Amino acid sequence: MKKSFYIDYPQAHMDGQAHRYCCAICLQETTKINGLLEGHLPDCSYRLALEKAGYECEVSTNQPQLNTTDEED
Ligand SMILES: [Zn+2]
């Protein structure tokens, strides 16, 4: 089972920026993470935990064969 978005990570305010949030673990801004596992730093424990649980990064998954079309969205 694969999730489309990964938004259940702990979030924290960016330093001094009330309207911006980041992952509380790797401190990547939420807009940069954009709901994707690979938006977190490779050593983010949230990302690592999900990867260990069997989730994979969007970019490299469910492409069992080379796909030459650009329909993925
Ligand atoms: Zn993170």
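Reply:

The chain has a mean pLDDT of 82, and 71% of its residues reach 70 or more; pLDDT is the predictor's confidence in each residue, from 0 to 100. This is a predicted model, in which local features need pLDDT of at least 70 and side-chain atom pairs count only at pLDDT 80 or more, while totals for chains, interfaces and linings use all residues. Residues are numbered from 1 along each chain as its sequence is written.

The chain has 2 helices and 2 strands, and along the sequence they follow the pattern β-β-α-α. Helices (H or I, at least four residues) and strands (E, at least two) are DSSP runs, numbered from the N terminus. Among these elements, mean pLDDT is lowest for β2, at 92, and highest for α1, at 95.

The residue I25 sits in the loop between β2 (17-23) and α1 (30-33). I25 counts as partly exposed because it has 19 C-beta neighbours inside 10 Å. A residue is buried with 20 or more other C-beta atoms within 10 Å of its own, exposed with 12 or fewer, and partly exposed in between, with C-beta atoms placed from the backbone. In the chain, buried residues make up 14% of the 73 residues.

Beyond its neighbours within four places in sequence, I25 is in contact with Y9, P10, C44, S45 and Y46. Contact requires that the C-beta atoms of two residues, placed from the backbone, lie within 7 Å. For P10, which is 15 residues from I25 along the chain, the C-alpha atoms of the pair are separated by 7.2 Å.
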